[in-house]
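I opened a model today and kept notes on what I looked up. The entries are in the order in which I went through them.

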Amino acid sequence: MASQIAPRDRLIVALDLPGVGEAEAMIDRLGDSVSFYKIGYQLAFAGGLALVPKLAAGGKKVFVDLKLHDIGNTVARGVESIAKSGATFLTVHAYPQTMKAAVEGRTGSALRILAVTVLTSYDEADLSAAGYRLGVSELVEMRARQAQSLGVDGLVCSAEEAAALRRVVGHQLALVTPGIRPAGAATGDQKRVMTPARAIAAGSDYLVVGRPVVGAPDPKAAAEAIHAEIAEALGQ
Ligand code: C5P
């Protein structure tokens with residue numbers, strides 16, 4: 001449940017960096033100010049998955065953002081391996097077979113599965129070109145319901161979708177939200193951004209922040225400023 005999440009675990013810093021050396025230097029710089037990291041394609045395919053057990057042994061949580069999708073057996077066995085690495089969150093695409101297999105693969109471990117409903121880079125025309133008949137919001141809602149009924153632990157969603165998804169899935173599933181920009185930060189290629197405070201108010205449980213922290217002149221100060229904003233939004 002959302003209220004049980006330690007406030008300082010709500011900030012997930014995306015280690016979108018080219019190599020393990022850069023990532024380790026950033027983790028050292030951030031020190032105690034960050035307890036939760038995300039490792040995505042860029043770092044994972046540059047040897048970064050080796051950081052997962054190291055970070056876990058050091059008391060940090062790790063979100064492995066690999067957005068898996070394959071036949072059920074392959075997904076389940078892959079998820080088992082990631083569970084053994086000590087990761088806390090893993091993303092899969094929100095296809096019923098894939099979600100079912102991922103939930104099976106994480107059984108008995110501390111790993112939690114997050115489903116990506118519809119990629120935020122997709123609009124109605126992209127879905128139609130890919131052969132879908134439903135629009136974005138209908139497909140997001142349908143997949144959120146399927147995720148919940150299959151035992152998935154959370155959803156990745158934009159802060160704009162968070163309030164609507166809360167009405168669909170209640171408080172059982174964690175909502176994990178990228179596209180966060182503290183007031184005054186550059187938006188980069190993110191089109192729909194929200195401040196940390198507004199995202200928390202919209203119902204997000206965890207905020208994924210990359211460039212505004214790892215690209216800041218003082219990453220530690222940037223992370224602490226986000227913690228302060230989250231704590232204020234939570235009334236703590
Ligand atoms: O640097 P920035 O804060 O934009 O990084 C956001 C992180 O969240 C990136 O790692 C990106 O891949 C991820 N993400 C996203 N939008 C999604 C899903 C994941 O920005 N819909």
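**Entry 1: ground rules**

I note that this is a predicted model, in which local features need pLDDT of at least 70, side-chain atom pairs count only at pLDDT 80 or more, and totals for chains, interfaces and linings use all residues. Residues are numbered from 1 along each chain as its sequence is written, and side-chain values use heavy atoms, with hydrogens and water left out.

**Entry 2: the barrel**

I looked up how the strands are arranged. Helices (H or I, at least four residues) and strands (E, at least two) are DSSP runs, numbered from the N terminus. Two strands count as paired if DSSP finds at least two bridges between them. I found a closed barrel of 8 strands, in the order S1-S2-S3-S4-S5-S6-S7-S8, with parallel pairing. From one strand to the next the twist averages 25°. For angles, axes are lines fitted to C-alpha atoms, for helices over the stretch in contact, and the values run from 0 to 180 degrees between N-to-C directions.

I then went through some of the pairs.

- S1 and S2 are parallel and share 2 bridges, with Ala14 opposite Lys38 in S2.
- S3 and S4 are parallel over 3 bridges, and Leu68 stands opposite Val92 in S4.
- S5 and S6 (residues 154-156) are parallel over 3 bridges, and Leu114 faces Gly154 in S6.
- S7 (residues 174-177) and S8 run parallel and are joined by 2 bridges, with Val176 opposite Tyr206 in S8.
- S1 and S8 also pair in the parallel sense, over 3 bridges, and the partner of Ile12 in S8 is Val208.

**Entry 3: the faces of the strands**

Which way do the side chains of S2 (residues 36-39) point? Phe36 and Lys38 point one way and Tyr37 and Ile39 the other, and all are buried. Buried means under 20% relative accessible area, exposed over 50%, and partly exposed in between (1.4 Å probe, protein chains only). In a regular strand the side chains alternate between the two faces of the sheet.

I checked S4 as well, where 5 of its 5 residues are buried. Phe89, Thr91 and His93 lie on one side of S4, and Leu90 and Val92 on the other. In S8, Tyr206 and Val208 point one way and Leu207 and Val209 the other, and all are buried.

**Entry 4: helix H5**

I listed the buried residues of H5 (residues 96-105): Thr98, Met99, Ala101, Ala102, Val103 and Gly105. What do they pack against? Their partners are strand S3 (61-68), helix H4 (72-84), strand S4 (89-93), strand S5 (112-116) and helix H7 (136-149). Contact means heavy atoms within 4.5 Å.

**Entry 5: the largest pocket**

I looked up the largest pocket and found a volume of about 1,100 Å³. Of the 34 residues that line this pocket, the closest to its centre are Thr120, Ser121, Pro178, Gly179 and Gln190. On a 1 Å grid over the protein atoms alone, a pocket is an open set of points where a 1.4 Å probe fits, with protein on both sides within 12 Å along at least five of seven lines; lining residues have an atom within 4 Å of a point. Grid points are joined across faces, edges and corners, and the volume is the space filled by probe spheres set on the points.

S3 gives the most to the lining, with 3 residues. By class, the lining has 15 nonpolar, 7 polar and 12 charged residues. Ala, Val, Leu, Ile, Met, Phe, Trp, Tyr, Cys and Pro count as nonpolar, Asp, Glu, Lys and Arg as charged, and the others, Gly among them, as polar.

Is Cys157 buried or exposed? Cys157 is buried, because its relative accessible area is 2%. Cys157 is in the loop between S6 and H8. Not counting residues up to four places away in sequence, Cys157 touches Ala162, Leu165, Leu175, Val176, Thr177 and Pro178.

Val52 is in helix H3 (residues 51-57) and is buried, with a relative accessible area of 1%. Beyond four places in sequence, the contacts of Val52 are Ile39, Val62, Val64, Ser85, Gly86 and Ala87.

Lys67 is in strand S3, and its relative accessibility is 24%, so Lys67 counts as partly exposed. The phi of Lys67 is near 40°, a positive value in a residue other than glycine. Most residues other than glycine have a negative phi.
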